Amino acid sequence: MFHHVPLDVNEGWNAQLASWTAGGDHQLYSSDRGFVFNNYPPLSFVLMGGLVRLGFDAIITGRILSCLSVLVSAALIARIIQVVTGRLAAALATAVLFLVTANTAFHGYFGMNDPQWLAQALMLGGLYVMVSRKPAELTWQRLFCCALLIVLGGFTKHNLVALPLAMFVWLLCVDMRKAALWSAMLGALLAVGFLSCYEVYGISFFRDVFLHQRVIRLGRVIHSVRQLPFMGGMLLVGVGVFCQRWRSVSLKDPSVLVMLFLVFGCLFGFLESLGEGVDYNCMFDAFVAAAILCGIGLARLSGPDGKRKQLARACWVMVLPLLCLLPFWGMSSYQEVQTVRLKDSEWQTYIQALRMRNTSLLCTDMALCYWADSRDAIDRFNLSQALKKNKEVVFLKDMIIQHRFSVVQLYGTMTHYSSGNIIFDSWLAKAGYRPVMDNGEMILLGYIR
């Protein structure tokens with residue numbers, strides 16, 4: 001966690017935007033000086049930007065915050081299950097299962113500098129507020145607190161729409177007046193948030209977040225849902241027990257709300273997974289909902305009217321996918337631990353080399369650029385997406401042609417190097433940028449007349 005080695009390309013992306021928020025010399029949306037395409041809401045960057053101003057490293061701090069968010073999510077899942085079922089043992093067992101699954105099947109986001117788990121924790125806080133009292137005891141204060149947490153989660157990560165939609169549908173079944181009141185509060189809070197963003201960032205905020213262009217491919221579904229079989233045990237137990245008890249379950253039962261959450265989470269997860277660059281985090285709503293529903297089912301099976309044989313089978317179904325995964329995850333984790341020191345040493349060499357040329361440096365690795373204290377970085381993925389959608393990126397092309405950068409950082413060898421984007425590479429070649437320094441796998445290009 002504390003090594004200067006990126007776990008994912010998103011770490012540098014989030015760190016650069018946080019540093020821009022802290023420094024104030026770049027716009028967070030549609031910057032004229034930056035080359036990072038931002039389609040995320042601003043709350044996580046504002047939070048991390050404040051920590052950067054206090055002297056914290058955005059990537060390391062973001063990793064710690066991500067870990068804490070997962071732990072808070074696990075605690076909220078346990079508490080929700082206990083409130084709904086009154087079974088502490090089932091709640092704690094489900095929380096442990098959730099943590100193990102998050103750190104194996106979905107380990108790429110456990111401790112990564114990304115706002116996904118922070119947003120999930122805020123959303124779960126809203127769910128806990130709603131189910132921690134009987135529907136008849138949902139006062140306007142609790143509805144407001146729930147709506148506030150949901151909006152904060154939405155302004156942290158914009159694709160978490162499954163839970164608020166499930167809440168609205170469930171409240172319609174419980175009490176139409178409370179559904180209308182909660183919706184009005186949610187709408188008012190969203191309006192305040194949008195007006196604040198408009199005052200600070202202008203119309204660029206809405207254009208970048210809501211009109212962000214992305215290439216859509218049907219085959220992407222396989223990539224983004226590839227980890228779902230490892231949470232299949234939780235799905236089978238939770239959905240199976242719910243279906244067995246469906247006829248005796250009232251629509252006002254919180255388990256109906258969780259089931260709606262799961263259905264909408266799967267639906268929106270599949271739709272979001274069609275976009276290029278979308279990872280399996282698009283299914284985290286379904287993952288969280290499956291964990292809660294599984295805990296409720298486990299509690300029902302362990303209750304006075306439960307059956308021990310069914311409970312034993314359910315436990316085996318829950319843990320079997322993880323038992324198959326753990327040996328492979330253990331070997332890969334051991335290899336990562338063994339190599340991280342070597343990678344850290346290599347990266348320190350790269351960082352020091354870039355700091356020596358920091359005056360007019362353009363980075364293509366955003367984490368490397370952040371640790372080298374350079375503000376000019378290329379968001380290669382979203383640049384590629386913009387070019388594929390025939391969007392003109394004139395500001396970047398003009399700065400390269402005008403040789404505004406004395407050095408450009410890429411990866412490769414002196415004879416074969418690439419940024420990963422053919423069009424961007426052609427701009428560099430036409431502008432006369434050639435290799436001037438080979439530092440291991442890192443290449444520096446300079447303008448040669």
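User: Is C197 buried or exposed?
Analyst: This is a predicted model. Buried means under 20% relative accessible area. The relative accessible area of C197 is 6%. So C197 is buried.

User: Why is C282 too far from the closest cysteine sulfur for a bond?
Analyst: A disulfide needs two cysteine sulfur atoms within 2.5 Å. The closest cysteine sulfur to that of C282 belongs to C266. C282 itself is buried, at 5% relative accessible area. The bond is ruled out because the distance between the sulfurs is 10 Å.

User: How many disulfides does the structure hold?
Analyst: The cut-off for a pair of cysteine sulfur atoms is 2.5 Å. By that cut-off, the number of disulfides in the structure is zero.

User: How many aromatic pairs are there?
Analyst: Ring centres must lie within 6.5 Å to pair. By this rule, the count of aromatic pairs is 28.

User: What kind of aromatic pair do W13 and Y40 form?
Analyst: Their centres are 4.8 Å apart, and the angle between the planes is 70°. W13 lies in helix α1 and Y40 in the loop between α1 and α2, so the pair ties together parts 27 residues apart in sequence. Both W13 and Y40 are buried. Planes over 60 degrees apart count as edge-to-face, and the W13 and Y40 pair is edge-to-face.

User: Which helices hold W347 and W371?
Analyst: The ring centres of W347 and W371 are 6.2 Å apart with planes at 90°, so this pair is edge-to-face. The pair ties together parts 24 residues apart in sequence. W347 is buried at 9% relative accessibility, and W371 is buried at 3%. W347 lies in helix α14 and W371 in helix α15.

User: Which residues does V340 touch, not counting residues up to four places away in sequence?
Analyst: V340 is found in helix α14, residues 308-355. Its relative accessible area is 22%, so V340 is partly exposed. Contact means heavy atoms within 4.5 Å. With those sequence neighbours left out, V340 touches H3 and V5.

User: Where does D373 lie?
Analyst: D373 has a positive phi near 60°, though not a glycine. D373 is exposed, with a relative accessible area of 53%. D373 lies in the loop between α15 and α16.

User: Is H403 buried or partly exposed?
Analyst: H403 sits in the loop between α17 and β2. Its phi is positive, about 60°, although H403 is not a glycine. The relative accessibility of H403 is 28%, so H403 counts as partly exposed.

How values were computed: Residues numbered from 1 in each chain as written. Predicted model: local features only at pLDDT ≥ 70, side-chain atom pairs only at ≥ 80, totals over all residues. Heavy atoms only, no water. Helix = DSSP H or I, 4+ residues; strand = E, 2+ residues; numbered from the N terminus. Buried < 20%, exposed > 50% of the residue type's maximum accessible area, 1.4 Å probe, protein only. Phe/Tyr/Trp six-rings, centres within 6.5 Å; stacked < 30°, edge-to-face > 60°.
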